[in-house]
Amino acid sequence: MADADASLPALADAVAGVVREAAAMAFARWHTAFARWEKAPGEPVCQVDLDVDRLLHERLSALVPDAGWLSEETADNPARLARRRVWVVDPIDGTRDYIRGRPGWCVSVALVEAGHPLIGVLDAPARDEVWRAVAGAGATRNGVRVTAGGRTMLAGSRAPVDALPKADRDLVAVEKPNSIALRIAMIAADHADLVATLRWGNEWDIAAAVLLAAEAGARVSDALGAPLMFNKADPRAYGVLVSAAGIHDAAVERLAGRARAAMG
């Protein structure tokens with residue numbers, strides 16, 4: 001864990017306040033009538049996503065006026081690449097659960113500097129959860145410090161999935177929120193041991209959550225075991241692998257071959 005920047009906790013408080021406002025707006029409109037459509041097949045979006053995005057852009061830009069902006073619901077501007085700090089935002093991570101009236105969604109915000117998250121906040125009002133992390137200062141859930149589990153054997157590890165592949169039947173399936181950020185947060189709080197995706201994913205889905213996991217003592221990488229970097233020109237990574245520290249090497253060994261095959 002890196003040394004904490006003394007100015008970050010106060011900024012994190014302000015960020016959490018903004019994210020709370022955005023989450024409250026989304027929660028108030030949950031289970032109501034709102035426009036919804038697909039940006040592409042299998043990629044749902046709704047009017048609330050866009051409204052939350054606008055609120056976050058306005059409030060967060062006021063907190064750090066010189067920071068760039070990278071959000072799922074804003075057209076990308078390459079000017080962000082020249083900024084020292086960048087907001088990486090998913091206005092509603094888990095839109096599918098939001099639209100279906102399920103609680104597995106959250107508002108996700110990270111402040112990134114030089115490729116690494118400095119502050120991460122997830123606010124999941126339907127679950128009554130607020131997750132916060134500051135680089136070098138640990139991670140909390142509802143104000144209580146969280147610590148990833150100490151598991152050292154891959155077999156028997158808890159994974160938040162709908163169903164386990166035949167090759168992974170030695171793992172244990174647990175609750176799976178639609179939000180990938182909340183699944184990663186489960187690792188931070190020792191509610192799961194392993195989250196892995198074997199596909200291209202976007203920085204805004206994971207930036208805040210991987211800081212939470214790392215600050216809680218978990219290990220974080222892409223699907224091939226390489227470090228994750230943020231605010232890249234192409235803001236994607238091939239998969240994410242977050243786990244209890246003691247099983248990460250074994251998880252990479254098991255999954256890297258599948259990841260390479262899937263990449264072609």
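Figure 1. Gly104 is buried, with a relative accessible area of 2%, where buried means under 20% relative accessible area, exposed means over 50%, and partly exposed lies in between (1.4 Å probe, protein chains only). This is a predicted model, in which local features need pLDDT of at least 70 and side-chain atom pairs count only at pLDDT 80 or more, whereas totals for chains, interfaces and linings use all residues. Residues are numbered from 1 along each chain as its sequence is written, and side-chain values use heavy atoms, with hydrogens and water left out. Gly104 belongs to the loop between helix H3 (95–100) and strand S5 (106–113); helices (H or I, at least four residues) and strands (E, at least two) are DSSP runs, numbered from the N terminus. When residues up to four places away in sequence are not counted, Gly104 touches Asp93, Gly94, Asp97, Arg127, Pro177, Asn178, Ser179 and Leu182, contact being heavy atoms within 4.5 Å. Between Gly104 and Pro125, which are 21 residues apart in sequence, the C-alpha to C-alpha distance is 9.7 Å.

**Figure 2. The surroundings of Ser221.** Ser221 lies in strand S13, which covers residues 219–221, and it counts as buried because its relative accessibility is 1%. Its side chain makes a polar contact with the side chain of His248 at 3.2 Å; a polar contact is a pair of N or O atoms within 3.5 Å, where, within protein, one must be able to donate a hydrogen and the other to accept it, and residues adjacent in sequence count only if both atoms are side-chain atoms. With neighbours within four places in sequence left aside, the residues in contact with Ser221 are Ala226, Leu228, Gly239, Val240, Leu241, His248 and Val252.

**Figure 3. The surroundings of His116.** His116 is found in strand S6, which covers residues 116–124, and its relative accessible area of 44% makes it partly exposed. If its neighbours within four places in sequence are left aside, His116 is in contact with Leu111 and Met229. The C-alpha atom of His116 is separated by 6.1 Å from that of Phe230, although these two residues are 114 residues apart along the chain.

**Figure 4. The setting of the close-up views.** Buried residues make up 52% of its 264 residues, and, among contacts with a separation of 6 or more, 62% join residues 24 or more positions apart. Taken along the principal axes, the box filled by the C-alpha atoms is roughly 45 × 45 × 40 Å.
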